Amino acid sequence: EDEIIRRSKCIDIGNVSWNTNEQQLTELFTKCGVIKRVFINHSKDLFAGTAFIEFENEQSSEKAIMELNGHSLNGQMLSVSMHIKQTRDDKKKIKQFYV
């Protein structure tokens, strides 16, 4: 069951520089596979931005994690991990924990 949860076409990227844009992420991560979409969140509440990339298949997301976790981009060391989709029950548990 854990293996099913961990395998995803999507990755989360942490520690994204404020100077990084979607085109730069696309250029870097395209070497791992075909990208379907890229989203960057440069929230003012965060020290650094976060990003989300969806690939065409799971093998590409796994390759991105293996090859680009710890890669430096615009002076920031990227943290690349598998995106884990939260269920409604997960969100309720998290909300109850922080209330």
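Modeller: This is a predicted model. A search of the whole structure finds two salt bridges.

Colleague: What makes Lys36 and Glu54 a salt bridge?

Modeller: The closest N and O atoms of Lys36 and Glu54 are 3.9 Å apart. The cut-off is a Lys or Arg side-chain nitrogen within 4 Å of a carboxyl oxygen of Asp or Glu, so the pair counts. Lys36 is in strand β2 (residues 35–41) and Glu54 in strand β3, 18 residues apart.

Colleague: How do you know that Arg37 and Glu54 form a salt bridge?

Modeller: By the N to O distance, which is 2.6 Å between their side chains. The limit is 4 Å, so this pair counts too. Arg37 lies in strand β2 and Glu54 in strand β3, so the pair ties together parts that are 17 residues apart in sequence.

Colleague: Why can such side chains pair at all?

Modeller: Because side chains of opposite charge can pair when their charged atoms come close.

Colleague: What makes Lys36, Arg37 and Glu54 one network?

Modeller: Their salt bridges share partners, and that joins the three residues.

Colleague: Why is strand β1 described as mostly covered?

Modeller: Strand β1 spans residues 10–16, and five of its seven residues are buried.

Colleague: How do you know that β1 pairs with β3 and with β6?

Modeller: Pairing needs at least two bridges. β1 and strand β3 (residues 49–55) have five, so they pair, in the antiparallel sense. Within that pairing, Ile13 stands opposite Ala51, and Val16 has Gly49 as its bridge partner. β1 and strand β6 (residues 79–82) have four bridges, so they pair as well, again in the antiparallel sense. In β6, Ser81 is the bridge partner of Asp12.

Colleague: Which residues make up the covered and uncovered faces of β6?

Modeller: Val80 and Met82 are on the covered face, while Ser79 and Ser81 are on the uncovered one.

Colleague: What is the order of the strands in the sheet, and why do β2 and β6 stand at the edges?

Modeller: The open sheet has four strands in the order β2-β3-β1-β6, with antiparallel pairing. β2 and β6 each have a single partner strand, so one side of each is left without a neighbour in the sheet. From one strand to the next, the twist averages 20°.

Colleague: Which strands do the helices α2 and α3 touch?

Modeller: Helix α2 (residues 22–29) packs on the sheet and touches β1, β2, β3 and β6. Its direction makes about 135° with that of β2. Helix α3 packs on the sheet too, touching β1, β3 and β6, and its direction makes about 150° with that of β6.

Methods: Residues are numbered from 1 along each chain as its sequence is written. This is a predicted model: local features need pLDDT of at least 70, side-chain atom pairs count only at pLDDT 80 or more; totals for chains, interfaces and linings use all residues. Side-chain values use heavy atoms; hydrogens and water are left out. Buried means under 20% relative accessible area, exposed over 50%, partly exposed in between (1.4 Å probe, protein chains only). Helices (H or I, at least four residues) and strands (E, at least two) are DSSP runs, numbered from the N terminus. Axes are lines fitted to C-alpha atoms, for helices over the stretch in contact, and angles run from 0 to 180 degrees between N-to-C directions. Contact means heavy atoms within 4.5 Å.
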